[in-house]
Amino acid sequence: MLFRKNDKNLESKIDFDRLPQHIAFIMDGNGRWAKKRGRLRTFGHKVGAESMDAIVRHARDLGIKVVSFFAFSTENWNRPKEEVGEIFSIARKLIVEKKESFLKSNMRVIVIGDRKRLPEDLQKEIEDCERVTKDNDGLIVNVALNYGGRAEIIGAINRIIKDGVKEVNEEIFKSYLQTSNIPDPDLVIRTSGEQRLSNFMMYQCAYSELYFPKVHWPDFREKQLDEAIIEFQKRDRRFGAIKK
């Protein structure tokens with residue numbers, strides 16, 4: 001599968017002084033993309049992994065600080081066993097093959113979600129990739145695996161109770177979230193035309209700009225990311241205040 005060449009004319013329209021710090025992606029439409037081509041859903045996930053790789057590299061080149069990818073939700077266990085296994089196999093392959101590249105490119109990998117239910121070999125590869133890249137201070141690549149926003153919030157509350165915290169403010173609460181070491185998303189992109197968050201970073205996305213391109217995730221590449229950033233920069237972000 002060939003990566004699309006980036007449109008330099010489109011990139012020239014980006015204001016590099018107003019880039020979103022953190023872009024989060026809900027990677028939707030892999031199965032529908034494959035079905036349109038008479039292929040198995042798993043083929044869509046494989047090509048979707050190529051899109052993820054292309055977006056990581058392009059975000060790094062643009063100067064984005066954090067990218068997050070919703071790779072597998074707590075609800076995705078309801079999918080066919082073969083498809084779930086293939087998703088984990090792709091995740092494992094991606095981590096193993098790209099680990100050295102992440103290290104050399106000064107990128108840090110973080111994985112959020114409940115890992116205990118993931119295959120043991122995948123858990124080990126995740127831990128090793130996080131360990132190897134933990135001192136990198138370039139682009140942060142945050143991957144949500146077996147993740148659910150509500151479960152994260154409930155887990156944070158239970159840890160707060162366990163620690164005996166008597167009074168909680170926003171700063172304290174955020175410190176108990178799995179994303180405590182990264183900024184909230186400025187921009188959330190969900191591909192395939194669906195217009196919902198589907199339990200993704202429910203607390204963190206309170207003031208995120210939402211963007212819903214109709215393109216399926218395997219077709220979302222550099223050009224589509226540039227278009228999303230240009231649209232983001234047209235938005236008037238007031239955070240509840242009034243512009244003077």
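This briefing describes helix packing, nonpolar cores and selected loop residues. The structure is a predicted model. Helix H4 (residues 81-104) has an axis that comes within 10 Å of the axis of helix H3 (residues 41-62), and the axes of H4 and helix H5 (residues 120-133) likewise come within 10 Å. H4 also supplies six residues, the largest share, to the largest nonpolar core, which has 42 residues.

**Packing of H3 against H4**

- Two packed helices are described by the angle between their axes and the distance between the axes.
- The axes of H3 and H4 cross at roughly 25 degrees; because angles under 35 degrees count as roughly parallel, the two helices are roughly parallel to each other.
- The crossing in which H3 passes H4 is right-handed.
- On the H3 side, the contact is made by Arg 41, Thr 42, His 45, Lys 46, Ala 49, Met 52, Asp 53 and Val 56.
- On the H4 side, the contributing residues are Glu 83, Glu 86, Ile 87, Ile 90, Leu 94, Lys 98 and Phe 102.
- Sorted by class, the contact of H3 with H4 comprises seven nonpolar, two polar and six charged residues.

**Packing of H4 against H5**

- H4 and H5 have axes that cross at roughly 20 degrees, and these helices are therefore roughly parallel to each other.
- The crossing of H4 and H5 is left-handed.
- H4 contributes Phe 88, Ala 91, Arg 92, Ile 95, Val 96, Lys 99, Phe 102 and Leu 103.
- These residues of H4 meet Asp 121, Leu 122, Glu 125, Ile 126, Asp 128, Cys 129, Val 132 and Thr 133 in H5.
- The contact of H4 with H5 contains ten nonpolar residues, one polar residue and five charged residues.
- Phe 102 of H4 takes part in the contact with H3 and also in the contact with H5.

**Nonpolar cores**

- In soluble globular proteins, nonpolar side chains tend to be buried together.
- Within the largest nonpolar core, of 42 residues, those with the most contacts are Phe 25, Val 67, Phe 69, Val 141, Ile 189 and Leu 225.
- Another core, of 14 residues, lies apart from the largest one and includes Ala 24, Phe 70, Ile 182 and Phe 200.
- Leaving aside neighbours within four places in sequence, Phe 69 is in contact with Phe 25, Met 27, Met 52, Ile 55, Val 56, Val 141, Asn 142, Val 143, Ala 144 and Trp 217.
- Met 52 and Val 56, both in contact with Phe 69, are also among the H3 residues that make the contact with H4.

**Residues in loops**

- Asp 186 lies in the loop between helix H7 (170-175) and strand S5 (187-190); this residue is buried, with a relative accessible area of 13%.
- Not counting residues up to four places away in sequence, Asp 186 touches Pro 20, Gln 21, His 22, Ser 208, Glu 209, Phe 232 and Arg 237.
- Asn 106 is not a glycine, yet has a positive phi of about 65 degrees.
- Asn 106 is placed in the loop between H4 and strand S3 (108-112) and counts as partly exposed at 30% relative accessibility.
- Met 201, also not a glycine, has a positive phi of about 45 degrees.
- Met 201 belongs to the loop between S5 and strand S6 (209-211) and is buried, with a relative accessible area of 1%.
- Arg 221 is found in the loop between S6 and helix H8 (222-232) and is buried at a relative accessible area of 1%.
- Between Arg 221 and Asn 78 there is a separation of 143 residues in sequence and 28 Å in space, C-alpha to C-alpha.

Terms used: Residues numbered from 1 in each chain as written. Predicted model: local features only at pLDDT ≥ 70, side-chain atom pairs only at ≥ 80, totals over all residues. Heavy atoms only, no water. Axes fitted to C-alpha atoms, helices over the stretch in contact; angles between N-to-C directions. Helix = DSSP H or I, 4+ residues; strand = E, 2+ residues; numbered from the N terminus. Parallel < 35°, antiparallel > 145°, perpendicular 65-115°, else oblique. Left-handed = near helix turned anticlockwise from the far one by under 90°. Contact = heavy atoms within 4.5 Å. Nonpolar A, V, L, I, M, F, W, Y, C, P; charged D, E, K, R; others polar. Core = buried A, V, L, I, M, F, W, Y, C linked by side-chain atoms within 4.5 Å. Buried < 20%, exposed > 50% of the residue type's maximum accessible area, 1.4 Å probe, protein only.
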